[in-house]
Amino acid sequence: SVHYMYKDDAVEGSYVPFSALSLATMRRMASEQKGGLSYPDVDQLLYKMLRDRAPDGLSAAIADSVVGVIGSTIPWYESLVLAYGAAGTYTIEYNQVFYAHPNMTTVTAAEYEAMGAGRPRFPVV
(Lines give C-alpha, C1' and ligand atoms only; values in the text may rest on other atoms or scores of the structure.)
Protein backbone atom coordinates (compact mmCIF):
# COMPACT_ATOMS: atom_id res chain seq x y z
CA SER A 1 0.00 0.00 0.00
CA VAL A 2 1.03 3.60 -0.52
CA HIS A 3 1.67 5.79 2.50
CA TYR A 4 1.56 9.53 1.99
CA MET A 5 3.64 11.77 4.21
CA TYR A 6 3.75 15.54 4.41
CA LYS A 7 6.44 17.39 6.30
CA ASP A 8 6.04 21.07 7.03
CA ASP A 9 9.21 22.55 8.47
CA ALA A 10 7.99 26.12 8.22
CA VAL A 11 8.34 27.37 11.76
CA GLU A 12 8.03 30.77 13.28
CA GLY A 13 11.23 32.71 13.83
CA SER A 14 14.57 32.86 12.10
CA TYR A 15 17.36 30.39 11.71
CA VAL A 16 20.86 31.21 12.84
CA PRO A 17 22.62 32.94 9.96
CA PHE A 18 25.36 30.99 8.17
CA SER A 19 28.74 32.68 8.52
CA ALA A 20 31.13 33.37 5.67
CA LEU A 21 33.48 30.73 7.15
CA SER A 22 30.84 27.98 7.18
CA LEU A 23 29.82 28.89 3.61
CA ALA A 24 33.46 28.78 2.47
CA THR A 25 33.81 25.34 4.08
CA MET A 26 30.70 24.07 2.26
CA ARG A 27 31.93 25.47 -1.04
CA ARG A 28 35.32 23.78 -0.56
CA MET A 29 33.61 20.48 0.27
CA ALA A 30 31.50 20.78 -2.87
CA SER A 31 34.50 21.57 -5.09
CA GLU A 32 36.25 18.48 -3.65
CA GLN A 33 33.06 16.46 -4.26
CA LYS A 34 32.76 15.54 -0.60
CA GLY A 35 29.51 14.13 0.71
CA GLY A 36 26.63 16.49 1.15
CA LEU A 37 24.84 17.42 4.31
CA SER A 38 21.38 15.99 3.73
CA TYR A 39 21.06 13.97 0.51
CA PRO A 40 24.40 12.29 -0.33
CA ASP A 41 22.92 10.19 -3.16
CA VAL A 42 21.54 13.31 -4.83
CA ASP A 43 24.90 15.01 -4.38
CA GLN A 44 26.72 12.17 -6.14
CA LEU A 45 24.26 12.41 -9.05
CA LEU A 46 24.77 16.19 -9.25
CA TYR A 47 28.57 15.77 -9.19
CA LYS A 48 28.30 13.31 -12.08
CA MET A 49 26.09 15.71 -14.04
CA LEU A 50 28.44 18.63 -13.31
CA ARG A 51 31.50 16.68 -14.51
CA ASP A 52 29.77 16.26 -17.87
CA ARG A 53 30.96 19.28 -19.83
CA ALA A 54 28.53 18.81 -22.73
CA PRO A 55 27.23 22.08 -24.22
CA ASP A 56 23.70 21.14 -23.14
CA GLY A 57 24.73 19.74 -19.74
CA LEU A 58 24.19 21.05 -16.24
CA SER A 59 27.62 22.75 -16.08
CA ALA A 60 26.77 24.83 -19.14
CA ALA A 61 23.31 25.65 -17.79
CA ILE A 62 24.59 27.04 -14.50
CA ALA A 63 27.73 28.74 -15.83
CA ASP A 64 27.53 32.44 -15.00
CA SER A 65 23.81 32.12 -14.19
CA VAL A 66 21.83 32.87 -11.06
CA VAL A 67 20.38 29.54 -9.91
CA GLY A 68 17.04 29.46 -8.11
CA VAL A 69 16.85 27.26 -5.01
CA ILE A 70 13.44 26.54 -3.52
CA GLY A 71 13.27 25.49 0.12
CA SER A 72 16.70 25.56 1.72
CA THR A 73 17.56 26.14 5.36
CA ILE A 74 21.13 24.85 4.92
CA PRO A 75 22.91 26.45 1.95
CA TRP A 76 24.57 23.26 0.69
CA TYR A 77 23.18 23.33 -2.86
CA GLU A 78 23.81 27.06 -3.08
CA SER A 79 27.45 26.37 -2.17
CA LEU A 80 27.63 23.49 -4.63
CA VAL A 81 26.46 25.45 -7.67
CA LEU A 82 28.71 28.39 -6.79
CA ALA A 83 31.65 25.98 -6.60
CA TYR A 84 30.81 24.83 -10.13
CA GLY A 85 30.54 28.21 -11.80
CA ALA A 86 27.16 29.75 -11.02
CA ALA A 87 27.26 33.53 -10.75
CA GLY A 88 24.89 33.49 -7.79
CA THR A 89 21.95 31.86 -6.06
CA TYR A 90 18.50 33.09 -5.16
CA THR A 91 16.89 31.06 -2.39
CA ILE A 92 13.14 31.14 -1.74
CA GLU A 93 12.34 29.68 1.70
CA TYR A 94 9.29 29.80 3.97
CA ASN A 95 11.53 30.54 6.93
CA GLN A 96 13.64 33.67 7.13
CA VAL A 97 17.25 32.71 6.46
CA PHE A 98 20.45 34.66 5.89
CA TYR A 99 23.63 33.46 4.24
CA ALA A 100 26.68 35.71 4.64
CA HIS A 101 27.79 35.56 1.02
CA PRO A 102 27.58 38.38 -1.54
CA ASN A 103 26.33 36.05 -4.28
CA MET A 104 23.58 34.38 -2.23
CA THR A 105 20.24 36.16 -2.10
CA THR A 106 17.52 34.89 0.24
CA VAL A 107 13.84 35.81 0.43
CA THR A 108 10.82 34.29 2.08
CA ALA A 109 8.11 32.78 -0.08
CA ALA A 110 5.81 35.65 0.97
CA GLU A 111 8.41 38.25 -0.06
CA TYR A 112 8.88 36.56 -3.43
CA GLU A 113 5.13 36.37 -4.03
CA ALA A 114 4.73 40.06 -3.11
CA MET A 115 7.16 41.03 -5.89
CA GLY A 116 4.45 40.23 -8.43
CA ALA A 117 5.27 40.33 -12.10
CA GLY A 118 8.66 41.93 -11.44
CA ARG A 119 10.01 38.99 -9.44
CA PRO A 120 13.12 37.26 -10.78
CA ARG A 121 12.91 34.20 -13.04
CA PHE A 122 15.65 31.57 -13.26
CA PRO A 123 16.99 29.43 -16.11
CA VAL A 124 17.94 26.72 -13.58
CA VAL A 125 16.08 25.77 -10.40
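Me: Which residues touch the most other members of the largest nonpolar core?

Reply: In soluble globular proteins, nonpolar side chains tend to be buried together. In this predicted model, the largest nonpolar core has 18 residues, of which I62, W76 and L80 touch the most other members. A nonpolar core here is a set of buried Ala, Val, Leu, Ile, Met, Phe, Trp, Tyr and Cys residues joined through side-chain atoms within 4.5 Å, where buried means under 20% relative accessible area, exposed means over 50%, and partly exposed lies in between (1.4 Å probe, protein chains only).

Me: Which helices each supply at least two residues of this core?

Reply: Helices α1 (20-31), α2 (40-51) and α4 (76-83) each supply at least two of its residues; helices (H or I, at least four residues) and strands (E, at least two) are DSSP runs, numbered from the N terminus. A second, separate core has five residues, including Y90, I92, V107 and F122.

Me: How should I read the numbering and the cut-offs for a predicted model?

Reply: Residues are numbered from 1 along each chain as its sequence is written. In this predicted model local features need pLDDT of at least 70 and side-chain atom pairs count only at pLDDT 80 or more, while totals for chains, interfaces and linings use all residues, and side-chain values use heavy atoms, with hydrogens and water left out.

Me: How many salt bridges does the structure hold?

Reply: A salt bridge is a side-chain nitrogen of Lys or Arg within 4 Å of a carboxyl oxygen of Asp or Glu, and the structure holds three of them. E32 pairs with R28, their closest N and O atoms being 3.7 Å apart, and E32 also pairs with K34, where the closest N and O atoms are again 3.7 Å apart, so that R28, E32 and K34 are linked in a network of salt bridges. Relative accessibility is 41% for E32, 42% for R28 and 42% for K34, each value counting as partly exposed.

Me: Is R119, which meets E113 in a salt bridge, buried or exposed?

Reply: R119 counts as buried at 19% relative accessibility, whereas E113 counts as exposed at 52%, and their side chains meet at 3.8 Å, N to O.

Me: What is the nearest side chain of opposite charge to E78?

Reply: Lys and Arg count as positive and Asp and Glu as negative, while His and the chain ends are not counted. E78, in helix α4, is buried yet has no salt bridge, and the nearest side chain of opposite charge, R27, is 12 Å away. Leaving aside residues up to four places away in sequence, E78 touches V69, S72, T89, T91, Y99 and M104, contact meaning heavy atoms within 4.5 Å.
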